[in-house]
Amino acid sequence: MKDLTKFKQGLDYIGIRLSPEQMDQFLDFYELLIEKNKVMNLTAITEFDDVVEKHFIDSLLLAKCMDLSKSMRVMDLGTGAGFPGIPLKIAFPQLEIVLADSLNKRIKFLNEVIDQLGLNQGDHKISTVHGRAEDLGRKAEYREKFDLCVSRAVANLSTLSEYCLPFVKVCGYFVSYKSGTVDEELRQSQNAIHMLSSDVAKCEKLTLPGSTAGRSFVFIRKNAPILKKFPRKAGVPGKEPLA
């Protein structure tokens with residue numbers, strides 16, 4: 001039996017109540033993650049309390065500064081091992097989520113997780129797509145089709161904005177999960193964000209419960225359709241961020 005004290009403290013801090021079934025889904029997700037991590041590189045974090053803090057609670061922390069109780073279509077770009085998308089789907093089943101990643105091995109793992117946790121039993125689905133952001137963002141079925149795009153990917157905010165904002169509907173949001181110190185990065189990305197017909201609506205700075213680790217949520221609001229030339233071709237946003 002896992003000690004759930006830290007998990008429950010984190011959930012209380014955020015204001016989330018999970019049913020026994022939802023808690024079981026998180027525990028099953030942990031077991032699947034650790035088992036698959038033995039044969040492929042999904043995470044360097046493997047101890048239960050560490051996964052709870054740095055993956056589960058960190059993913060759910062968004063609910064501390066945004067109402068996730070309503071039905072929304074969400075893109076999780078660069079989801080990796082399923083963060084934040086899988087925890088968000090478990091805690092908020094009414095969200096319709098697409099998990100996007102450029103590595104097909106991770107997508108296959110996520111499909112196993114979705115199947116084994118029974119995450120597609122309701123009307124609001126969770127699905128996966130394999131591809132690069134630069135390519136997916138140009139496809140009609142994904143471009144400007146999401147109320148919210150989230151990403152925990154590690155890249156500068158100018159690059160992430162070019163990756164993520166093409167997926168967002170006008171008046172929707174891209175929310176970037178950033179480390180605690182984001183002020184200078186925010187300043188440097190302002191022009192790029194404006195070029196992408198958007199602006200920074202707010203930046204919420206939180207601390208992970210029971211930890212000294214800071215987390216900043218940068219809310220970028222899309223004000224108008226983006227020029228068709230964005231995102232630029234594969235590899236360019238990373239090498240030559242908009243300035």
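Analyst: Two residues are in contact when they have heavy atoms within 4.5 Å of each other. Bear in mind that this is a predicted model.

Let's start at Val-98. Setting aside neighbours up to four places away in sequence, Val-98 touches Arg-73, Val-74, Met-75, Asp-76, Ser-127, Val-129, Tyr-142 and Phe-146. Val-98 itself belongs to strand E2, residues 96–101. Is Val-98 buried or exposed? Its relative accessible area is 3%, and the cut-off for buried is under 20%, so Val-98 counts as buried. For a sense of scale, Asp-58 is 40 residues away from Val-98 in sequence, and their C-alpha atoms are 19 Å apart.

The peptide bond between Phe-83 and Pro-84 is cis, with omega about 10°.

Now for the nonpolar packing. The largest nonpolar core holds 55 residues, and Leu-62 and Ile-86 have the most contacts inside it. Its biggest contributor is helix H2 (residues 20–37), which supplies seven residues. Leu-62 has quite a list of partners from beyond four places in sequence: Leu-68, Leu-148, Val-150, Val-175, Tyr-177, Phe-217 and Phe-219. There is also a second, separate core of 28 residues, and among its members are Ala-133, Tyr-142, Leu-196 and Phe-230. You've met Tyr-142 already, as one of the residues that Val-98 touches. As a general background point, nonpolar side chains in soluble globular proteins tend to be buried together.

Stay with Phe-230 for a moment. A cis peptide bond joins Phe-230 to Pro-231, with omega about -5°. Pro-231 sits in the loop that runs from strand E7 (214–222) to helix H9 (236–239).

Thr-159, in helix H7 (residues 157–164), touches Pro-237, Gly-238 and Pro-241 once residues up to four places away in sequence are left out. A polar atom of the Thr-159 side chain lies 2.9 Å from the backbone oxygen of Pro-237. With a relative accessible area of 3%, Thr-159 is buried.

H7 also packs against helix H8 (residues 183–195), at an angle of about 40° and with the axes 8 Å apart. That angle is why H7 is called oblique to H8. On the H7 side the contact uses Leu-157, Ser-158 and Ser-161, while H8 brings Glu-185, Leu-186, Gln-188, Ser-189, Ala-192 and Ile-193. By type, the residues of this contact come out as four nonpolar, four polar and one charged.

Glu-144 isn't a glycine, yet its phi is positive, near 55°. You'll find Glu-144 in the loop between helix H6 (133–136) and strand E4 (146–151), and at 23% relative accessibility it counts as partly exposed. The other is Cys-171, also with a positive phi, about 80°, despite not being a glycine. Cys-171 is part of strand E5, residues 168–179, and is partly exposed, at 45% relative accessible area.

How values were computed
Residues numbered from 1 in each chain as written. Predicted model: local features only at pLDDT ≥ 70, side-chain atom pairs only at ≥ 80, totals over all residues. Heavy atoms only, no water. Helix = DSSP H or I, 4+ residues; strand = E, 2+ residues; numbered from the N terminus. Buried < 20%, exposed > 50% of the residue type's maximum accessible area, 1.4 Å probe, protein only. Polar contact = N/O pair within 3.5 Å; in protein donor to acceptor, adjacent residues only side chain to side chain. Core = buried A, V, L, I, M, F, W, Y, C linked by side-chain atoms within 4.5 Å. Axes fitted to C-alpha atoms, helices over the stretch in contact; angles between N-to-C directions. Parallel < 35°, antiparallel > 145°, perpendicular 65-115°, else oblique. Nonpolar A, V, L, I, M, F, W, Y, C, P; charged D, E, K, R; others polar.
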